[in-house]
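The following report describes how two protein chains are built and how they meet. Please inspect the sequence and the structure before reading on.

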2 protein chains.
Amino acid sequence: MDLGTAQEVLDAALTLIHTRQHASPKRLDEPGPDPGQIEMILGAAGAAPDHGRLNPWRLIVIPPERRQLLGAAFAEALVERDGDATEVQKQEAMAKAFRGPFLVLVVARLDPALGDTHPQERIISAGCAVQNMLLVAHAMGYGAGLASGRALYSRQMNLLFGLRADEKPLCFLSVGTVSRSKPTRPRPLISDYTSTL
Amino acid sequence: MDLGTAQEVLDAALTLIHTRQHASPKRLDEPGPDPGQIEMILGAAGAAPDHGRLNPWRLIVIPPERRQLLGAAFAEALVERDGDATEVQKQEAMAKAFRGPFLVLVVARLDPALGDTHPQERIISAGCAVQNMLLVAHAMGYGAGLASGRALYSRQMNLLFGLRADEKPLCFLSVGTVSRSKPTRPRPLISDYTSTL
């Protein structure tokens with residue numbers, strides 16, 4: 001790498017990783033990334049590990065003019081799982097589609113015909129791609145966050161995004177300007193998640 | 001962030017992400033990371049997104065004195081799936097356990113009692129943790145790579161690592177000094193994995 005001394009490179013990496021915080025799509029406003037920045041965010045995904053070069057995941061960008069369709073799918077998914085949902089709840093479900101100026105769906109490609117790589121390993125690759133995108137958005141000064149929820153796994157979502165039977169929606173990733181910051185969340189201790197054989 | 005201008009921070013992030021390459025454990029020799037560096041690598045994992053704060057994955061470090069046990073498990077898993085495996089094949093399976101000076105197993109915790117977060121989303125979190133570790137190892141100048149294979153999903157591996165029924169081994173992560181470099185692998189184009197709704 002050609003960016004400073006070894007210590008500076010390491011410090012930059014650690015700072016980047018440790019200062020990133022989840023930003024809920026609710027707290028992400030305009031401005032979002034411009035087309036050049038979007039290309040850098042999406043391009044970082046392609047630098048994820050990909051055992052066997054399967055491209056075991058794909059990204060679907062939801063542009064502003066399609067948010068209405070996504071909102072309708074959120075509302076329909078709500079009604080399907082809860083026939084008693086109120087009008088207010090339906091409006092709330094629909095509103096989720098309009099949060100975050102830049103929005104992308106991450107989809108796992110689990111088709112066995114792609115290659116031998118285990119489904120779990122394909123989702124690990126997708127997770128690596130997601131982290132790269134979150135880190136680049138953070139490096140640009142944007143907030144970013146993942147979102148899921150029951151609607152993500154609904155029939156409506158599969159239909160809207162044209163997912164194949166062997167494709168699974170993993171999460172939405174939103175990027176924008178943080179409107180109100182929240183206290184930084186404490187991280188777990190290494191000992192909380194690490195043991196030695 | 002306090003490391004240079006906004007442009008320098010972004011350049012550092014993009015360089016870090018795009019210059020990282022997979023290094024097969026076969027090509028990873030001593031020296032590996034020292035204890036302080038290992039702490040930084042493992043600590044980066046804890047900065048992954050974790051919806052609901054479940055700690056939905058855990059890491060198990062395999063120290064040098066346990067490599068023999070891991071090698072035996074690799075060989076036994078081979079024999080179980082192929083009773084005709086030759087002595088040479090068994091030795092090769094065993095040898096895999098000794099590759100890479102620093103070796104850690106990443107395990108998904110899929111216990112429903114941990115919380116509502118969907119299993120796929122838990123594996124995404126693990127993937128984010130993995131990418132953070134790969135990036136920090138790369139920032140230190142080490143090579144790193146993921147490894148899997150059929151033995152990973154074997155009964156022997158579950159037993160050796162004491163995994164619960166609701167825990168799934170995801171991959172091994174190895175870190176060390178790259179002994180022989182390989183040509184850099186071309187990345188996919190953004191258009192290979194991205195579409196617009």
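T194(A) stands opposite L59(B), a residue in strand 2 of chain B. Around this point, strand 6 (residues 194-196) of chain A and strand 2 of chain B pair in the parallel sense over 3 bridges; two strands count as paired if DSSP finds at least two bridges between them. This is a predicted model, in which local features need pLDDT of at least 70 and side-chain atom pairs count only at pLDDT 80 or more, while totals for chains, interfaces and linings use all residues. Residues are numbered from 1 along each chain as its sequence is written, and chains are lettered from A and ligands numbered from 1 in the order in which they are written.

**The contact between the chains**

The contact takes 68 residues from chain B and 68 residues from chain A, where two residues are in contact if their C-beta atoms, placed from the backbone, lie within 7 Å. Helix 5 of chain B gives the largest share of the side of chain B that touches chain A, namely 14 residues. The table sorts that side by class; Ala, Val, Leu, Ile, Met, Phe, Trp, Tyr, Cys and Pro count as nonpolar, Asp, Glu, Lys and Arg as charged, and the others, Gly among them, as polar.

| Class | Side of chain B that touches chain A |
|---|---|
| Nonpolar | 40 residues |
| Polar | 19 residues |

**Helix 5 of chain B**

Helices (H or I, at least four residues) and strands (E, at least two) are DSSP runs, numbered from the N terminus. Of the 21 residues of helix 5 of chain B, 20 are buried, so the helix is largely enclosed by the rest of the structure. A residue is buried if 20 or more other C-beta atoms lie within 10 Å of its own, the C-beta atoms being placed from the backbone. Helix 5 of chain B is followed by G141(B), whose phi is positive, near 90°.

**Symmetry**

A rotation of 180° with 0.0 Å of shift along its axis superposes chain B on chain A, with an RMSD of 0.0 Å. That is the relation of a two-fold axis. The superposition is by least squares on the C-alpha atoms of residues with pLDDT of at least 70 in both copies. Of the residues of chain B, G127(B) comes closest to the rotation axis, at 2.0 Å (C-alpha).

**Chain A as a whole**

Chain A holds 7 helices and 6 strands. Buried residues make up 46% of its 197 residues.

Key. Buried ≥ 20, exposed ≤ 12 C-beta atoms within 10 Å, placed from the backbone.
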